[in-house]
Amino acid sequence: MIDTRRLRTLRAVADHGTVTAAAATLHLTPSAVSQQLVALEHEVGHRLFTRDGRGVRLTAVGTIMLRHADEVLAQLERAEAEVASYAGGEAGEVTVACFATAISAVLAPAVAALRLKAPALQVRVRDVEGDQGLAMLLDERADLAVVVEYRGWPDAADRRLSRVPLYAEPFDLVLPDDHPLAAGSSTTRVAGDPVTLTGPEGEPVALADLESAPGTLAEPGSEPVALADLAGETWIGPHPGNPIRDVIAFACEQAGFTPEFAHCSDDFRAVVALVGAGAGIALVPRLALRDMTLTGVTVRPAPGPERRVFAAVRRGAAAHPLLRQVLDTLRAIAPA
């Protein structure tokens, strides 16, 4: 009989590529992880991993076992969800891994709404970068993750996950006020004015209307800037590995050039401050600019890049009544 705990170990080692990294995720010693793998190989009767440099890789049998492990683990999630539903599922705790902008835009309002309609449900928030939430979810350090789609994102065929689209937002181009392209703006901003989401007549734009809103941040009359016109500029953006940098780089590559990132920060306030200091230009997700005080910069729309945000849970868990309440509330606040 195969021990399901060893299947989780198999998945962790396959995800992280080394016994040491898997051990840290599972809160076990590397020796304990190695012993579980040896025991699993004994149960299966075949080698599951082979050494690959400093790490390990799956054998053919290991790949077969991993596919079945995903099915078994998903079925266990479904069983837990069904039992919780039978028991009522009104009380409990859900840990959500989410990046900062989405916490402000959708998760914090969802928490406030859940406190009123489901007071026995406790939501624990973990602030992580947009590409780290999935790792926490798959390592079972979170029950739900709000994440950004990026190159390398597990696609819809990934058998470990169920994902729910939440919203998509465009990027805006942030320029120093004295930049030649800043002159194309039809609106002059006083330094330090707060930025707000507005439509073409100056009316507030809700998050749900982002995709259809023809206006832009505080500059409803501004003409979009073609990305091709930004080739050769000095760029300010996130560090390598941040999915937002990947989205920006891909959009620029589609426009025919590779952006040169001279300054890096994962904090969009720092990015905008550097633009205001004349250090370069930046593409920033529109919601990240909401409620931000802008000094010495002009914001113009930039067609092309878009940040798509999803909620993800482990496959089989979406029917859990507590997770279902959180997912339904997130969707109501930020419809796709």
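Glutamate 140 is partly exposed, with a relative accessible area of 41%. On this scale, buried means under 20% relative accessible area, exposed over 50%, and partly exposed in between (1.4 Å probe, protein chains only). Glutamate 140 sits in the loop that joins helix 6 (133-138) to strand 5 (144-148). Its phi is near 65 degrees, a positive value in a residue other than glycine. Most residues other than glycine have a negative phi.

The model is predicted: local features need pLDDT of at least 70, side-chain atom pairs count only at pLDDT 80 or more, and totals for chains, interfaces and linings use all residues. Residues are numbered from 1 along each chain as its sequence is written, and side-chain values use heavy atoms, with hydrogens and water left out.

The protein has 10 helices and 10 strands. Helices (H or I, at least four residues) and strands (E, at least two) are DSSP runs, numbered from the N terminus. Of the 336 residues, 47% count as buried. Contacts (heavy atoms within 4.5 Å) were also grouped by sequence separation. Among those with a separation of 6 or more, 75% join residues 24 or more positions apart.

Two packed helices are described by the angle between their axes and the distance between the axes. Axes are lines fitted to C-alpha atoms, for helices over the stretch in contact, and angles run from 0 to 180 degrees between N-to-C directions. The axes of helix 1 (residues 4-16) and helix 3 come within 9 Å and cross at roughly 115 degrees. Helix 1 is therefore roughly perpendicular to helix 3. Angles under 35 degrees count as roughly parallel, over 145 as roughly antiparallel, 65 to 115 as roughly perpendicular and the rest as oblique. The crossing of helix 1 and helix 3 is left-handed. That term applies if the near helix is turned anticlockwise from the far one by less than a right angle; clockwise is right-handed. Helix 1 contributes Arg5, Arg6, Leu7, Thr9, Leu10 and Val13 to the contact, and helix 3 contributes Val33, Gln36, Leu37, Ala39, Leu40 and Glu43. By class, this contact of helix 1 with helix 3 has seven nonpolar, two polar and three charged residues. Ala, Val, Leu, Ile, Met, Phe, Trp, Tyr, Cys and Pro count as nonpolar, Asp, Glu, Lys and Arg as charged, and the others, Gly among them, as polar.

Valine 13 belongs to helix 1. It is buried, with a relative accessible area of 0%. Beyond residues up to four places away in sequence, valine 13 touches Thr18, Ala22, Val33, Leu37, Phe49 and Val56. Valine 13 and valine 56 are 43 residues apart in sequence, yet 8.1 Å apart in space, C-alpha to C-alpha.

Helix 2 (residues 19-26) also meets helix 3 (residues 30-44): their axes come within 8 Å and cross at roughly 105 degrees. Helix 2 and helix 3 are therefore roughly perpendicular to each other. Val19, Thr20, Ala23 and Leu26 of helix 2 contact Pro30, Val33, Ser34 and Leu37 of helix 3. The contact of helix 2 with helix 3 has six nonpolar, two polar and no charged residues.

The loop between helix 2 and helix 3 holds histidine 27. Histidine 27 has a positive phi of about 60 degrees, although it is not a glycine. At 66% relative accessibility, histidine 27 counts as exposed.
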